[in-house]
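Open your viewer and get ready to select residues by number. We will go stop by stop.

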Amino acid sequence: VDFKKKLKEILKKTGINQIPVSFLIVDTQIFSELLLEDVNNCLNTGDVPDLYKEEDWVEIRNKFRSECQMKNIGETDTNFFNCFLSSVR
């Protein structure tokens, strides 16, 4: 299975479905610098650039729209994504 695809599934599981997940990777599984960079980004920010497609955004917007309303913050993609990242962390 493609690493980025699996990583996206894990992040969506924790962020959208709020299911606690442990992410375990050993050094022998790191086969490229790009993979290491993705893991580093995930650990530092909870995100990997350019990971989500439009259908993922629809899911994120739908899940966090009510949270943005409850917090009385604008319903923007940035605010939806910040709520998502907060949930992932």
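Start with lysine 12. Lysine 12 sits in helix H1, residues 3-15. Helices here are DSSP runs (H or I, at least four residues), numbered from the N terminus. This is a predicted model: local features need pLDDT of at least 70, side-chain atom pairs count only at pLDDT 80 or more, and totals for chains, interfaces and linings use all residues. Residues are numbered from 1 along each chain as its sequence is written, and side-chain values use heavy atoms, leaving out hydrogens and water.

Is lysine 12 buried or exposed? Lysine 12 is buried, because its relative accessible area is 15%. Buried means under 20%, exposed over 50%, and partly exposed in between (1.4 Å probe, protein chains only).

Now show the contacts of lysine 12 (heavy atoms within 4.5 Å). Leaving out residues up to four places away in sequence, lysine 12 touches Asn17, Tyr52, Asp56, Glu59 and Phe84.

Next, the rings. The structure has six aromatic pairs. Rings of Phe, Tyr and Trp (its six-membered ring) pair if their centres lie within 6.5 Å; planes under 30 degrees apart are stacked, over 60 edge-to-face, the rest tilted.

Select tyrosine 52 and phenylalanine 81. Their ring centres are 5.8 Å apart and their planes are at 70°, so the pair is edge-to-face. Tyrosine 52 is in the loop between helix H2 (33-45) and helix H3 (54-70), and phenylalanine 81 is in helix H4 (residues 77-88), so the pair ties together parts 29 residues apart in sequence.

Last stop: select Tyr52, Trp57, Phe64, Phe81 and Phe84. Together they form one aromatic cluster.

Technical notes
Helix = DSSP H or I, 4+ residues; strand = E, 2+ residues; numbered from the N terminus.
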